[in-house]
Amino acid sequence: MNRYTRILAIFTAAYIGLALTWWSFLLFHKNEALYESHLQLRALADQHQLVLRPDLPDQATIIRTYQGQRMMIIGESLFILISVSIGIWLIFRSYLREQRVIRQRRNFLLSITHELKTPLTAMRLAFETIQKRQLNPDQLTRLVSSSVREADRLTETVNNLLLTARMDRKYVPRIEARTLQTALENWTAECQSFWSGRHITIHTNSARETPVNADWTGLDIIFRNLVENAVKYSPSDTPVHTSIEVHAGHLTLAVRDEGTGIPPSERQRIFDMFYRIGNEDTRAGKGTGLGLYLVREIVHQNKGKIELRSNEPKGSCFTIQLPI
Ligand code: ADP
């Protein structure tokens, strides 16, 4: 719907509403006038003992007919007015939804281009430097390591995209046994390679060596996306605290940051596909709006729970519960 179609639609809706109200008033007044004249005619006929053709009903019938018709006019007018209003509201609601999808798709295209281009540019720059300059082994190692990191990030973005595409056909949890110790080691290594400059803690107070049956592949994706967000949306000198605990029948993963926080009005929508708070044109941070969507889908497919609350004194706290 472009601007002119929208104006035309609003104008038509307003016209229908006004016309309907006007016709209802007119009908109402015509009914009143008919009632008055029937009453007068009846009184005149009774006074002069006249027999009127066609037969004029008696006074009680005139009053009953008038009241019935009045109720009918009011009732039907209200019914049509409410139906038309609901129809118009549904049309506008679907229009607003369509607009939101268009905006989100545009945001996604902008952000995915950015997400794919940035690591590629960094890697190209590193390779050009290696090609053109005589580097000592130390410099070479640093450049190669940073390129590997960029390649990892690229792989992560592509994996998220592939996983999102597969979500349409439903994510199937894969239950396997892993000890908390293995999970903690894997995640610590991941934190060191991806977010080496950040202070990230991983805490547990459950038995580390007991094997736990859970969707560990899903948990890896959840952990990566939640920590990535915690790192992205909080100042670089603040810590990110994570914890994994096993309780009767379920496993709880929590990620806390001291960042910008998420306003309550946005807490439902941030789990939508492609949704990012704010506007892509003004948003500086990296992202595709897929991370939390994936987290929610994995949690739901595992019949788990996800809770988001504010962290004290600032930031956010995501808590995931998965059955084991
Ligand atoms: P993105 O790729 O943009 O990070 P996500 O689906 O992971 O996409 O998150 C959706 C939006 O939710 C983000 O754009 C961000 O605005 C908000 N968000 C997610 N996690 C946090 C957090 N820990 N703190 C503040 N805002 C967050």
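The residues of the shell around the ligand comprise eight nonpolar, eight polar and three charged ones, where Asp, Glu, Lys and Arg count as charged, Ala, Val, Leu, Ile, Met, Phe, Trp, Tyr, Cys and Pro as nonpolar, and the others, Gly among them, as polar. The model is predicted, with local features needing pLDDT of at least 70 and side-chain atom pairs counting only at pLDDT 80 or more, while totals for chains, interfaces and linings use all residues. Residues are numbered from 1 along each chain as its sequence is written, and side-chain values use heavy atoms, with hydrogens and water left out.

**Ligand shell**

- Among the 19 residues around the ligand, those that come nearest are N229, Y233, D257, R276 and T288, a residue being near if one of its heavy atoms lies within 4 Å of the molecule.
- At least two residues of this shell are supplied by each of α5 (216-232), α6 (291-301) and β7 (316-323), the helices (H or I, at least four residues) and strands (E, at least two) being DSSP runs numbered from the N terminus.

**Polar atoms at the ligand**

- A polar side-chain atom of R276 lies 2.5 Å from a ligand oxygen atom, and an N or O atom in the side chain of K232 is 2.9 Å from an oxygen atom of the ligand.
- For D257, a polar side-chain atom lies 2.9 Å from a nitrogen atom of the ligand.
- Of the 530 Å² of accessible area that the ligand has on its own, the protein covers 96% (Shrake-Rupley method, 1.4 Å probe).

**Q181**

- Q181 has its place in helix α4 (residues 180-194), and, leaving aside neighbours within four places in sequence, Q181 is in contact (heavy atoms within 4.5 Å) with R208 and E209.

Conventions:
Polar contact = N/O pair within 3.5 Å; in protein donor to acceptor, adjacent residues only side chain to side chain.
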